[in-house]
Amino acid sequence: MGENMKWFLLTFFCFALLTPSFAASVEDVKYETNENGTLTITDCNRNALGELIIPATMNGKRVVEIGDKTFSDCLYLTSVTLPEGVVRIGAGAFSGCSRLTSVTLPEGVTEIGAYAFTYCSQLTSITLPKGIAIREGAFSDCAGLTSVMMPEGVTKIEAATFRGCSGLTSITLPEGITTIGKDAFAYCSHLASVTIPKGVSSLGERSFFECATLTTVTLPEGVTAIEKEAFRKCTRLTSVTLPSSVTKIGESAFGECYRLTSVTLPEGVTEIGMGAFFACDCLESVIIPLRVEIKEGAFTGCTAIEEMIFRGPPPQVKPLNEKAKEALEEKKGISDPETLPDTRGYYLPEYAKDWEAILGGETGEWNNLRMKPLPKRMFKLLH
């Protein structure tokens, strides 16, 4: 017998020894009786293999719940069908079922617990019943999940619900959703498009962090806050449409969006957070509203900016040192900084009295920057 054949047989036998040799059955599950006489499935044989169909009744009692961590790390399960009558799937119920490709949920399920399907890396799709409540991290790190149709009745995308779903290419969110939570779609690296419905008022911190394939974002009227790092590292994002309802752009909200070329900030924006657009090195033009607080480093690293148009007089420039003053005089043709427009209508923090603080780096890097008020005609067109 050749050496190659010996290695093949040895590998085959090792695999056979490590892989369970029996199919999953109802005998693999354990359950507890609830006070009202119904059943909760509480555990499963970790060697259960293949497809598992849970019956509607066991020993004459109805199955109504899948308990916390019931099937967690059942590495050999590939498919699970839950019966009509199940209303809740507990926290971590199917977490780490790395070979699970299909789950059938009955219409009556009202809740999917926190991290219920996390790290089900081969789960490609799932149909969710109407009105279901989906808890934090329910589908996080399901790398094989490619599309999700969120049903009517869902009102909130909880924190980390789809975080790390790197195969997710699109998602449809229904009317009625009001909040998209922290990290909800973070690291969905192939998410190319998302439609955010009317009624959403807040985009949580890091909600679309590092969605590297996302190219355009249109936010509906009603969104008031774009929180910290909401779209940070969306490196293919080229355009953003912000509604007039937005009042706050949080810290690093669009930081490192390298392909973003222009942005118009609505008149109602009162705060541009620290580093909000830092390292957007293709950003060429910005329209800034009246009465806005621009925090430190808001445009740090935006070296392509040529024009900042203000809906009012530009903020005053007061160089903090001789080097900055010389740069202003040489690069921007400013002969006397004291004659520059005043700060009426602007709220610059004490530490950001000049553009060196707001833009970051040496003032002299901003060779082509022109600051000017918005013409009245343009102001009318934009409103």
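In strand S6, serine 79 is the bridge partner of glutamate 51. The model is predicted, so local features are given at pLDDT of at least 70 and side-chain atom pairs at pLDDT 80 or more, whereas totals for chains, interfaces and linings use all residues. Residues are numbered from 1 along each chain as its sequence is written, and side-chain values use heavy atoms, with hydrogens and water left out.

Strands pair if DSSP finds at least two bridges between them. Strands here are DSSP runs of E with at least two residues, helices are runs of H or I with at least four, and both are numbered from the N terminus. The sheet is open and parallel, with three strands in the order S3-S6-S8. Strand S3 (50–53) and strand S8 (102–104) are its edges; each has a single partner strand, so one side of each has no neighbour in the sheet. From one strand to the next the twist averages 15°, an angle between N-to-C directions on a scale from 0 to 180 degrees, with axes as lines fitted to C-alpha atoms.

The protein as a whole contains four helices and 26 strands. Of its 383 residues, 48% are buried, that is, under 20% relative accessible area; exposed means over 50% and partly exposed lies in between (1.4 Å probe, protein chains only). For contacts between residues at least 6 apart in sequence, 34% join residues at least 24 apart, a contact being heavy atoms within 4.5 Å.

Next come the aromatic residues. There are 11 aromatic pairs in the structure, where rings of Phe, Tyr and Trp (its six-membered ring) pair if their centres lie within 6.5 Å, and planes under 30 degrees apart count as stacked, over 60 as edge-to-face and the rest as tilted. Tyrosine 187 and phenylalanine 209 make an edge-to-face pair, at 5.4 Å centre to centre with 70° between the planes. Tyrosine 187 lies in the loop between S14 and S15 and phenylalanine 209 in the loop between S16 and S17, 22 residues apart. Phenylalanine 209 is buried at 5% relative accessibility, while tyrosine 187 is partly exposed at 34%.

A stacked pair is formed by phenylalanine 254 and phenylalanine 277, with centres 5.4 Å apart and planes at 5°. Both residues are buried. One aromatic cluster includes Phe254 and Phe277, with Phe71 and Phe299 also among its members.

The backbone around the tyrosine 187 pair also has positive phi values. Most residues other than glycine have a negative phi. Tyrosine 187 has a phi near 65°, and arginine 206, in the loop between strand S16 (202–203) and strand S17 (216–218), has one of about 60°. The charged end of arginine 206 sits over the ring of phenylalanine 209, 4.2 Å from its centre; this requires NZ of Lys or CZ of Arg within 6 Å of the ring centre and within 35 degrees of the ring normal.

Glycine 273 occupies the loop between strand S22 (271–272) and strand S23 (285–288). Its relative accessible area is 1%, so glycine 273 is buried. Residues that glycine 273 touches include Ile249, Gly250 and Lys295.

Definitions and conventions: Lists of a residue's contacts leave out its neighbours within four places in sequence.
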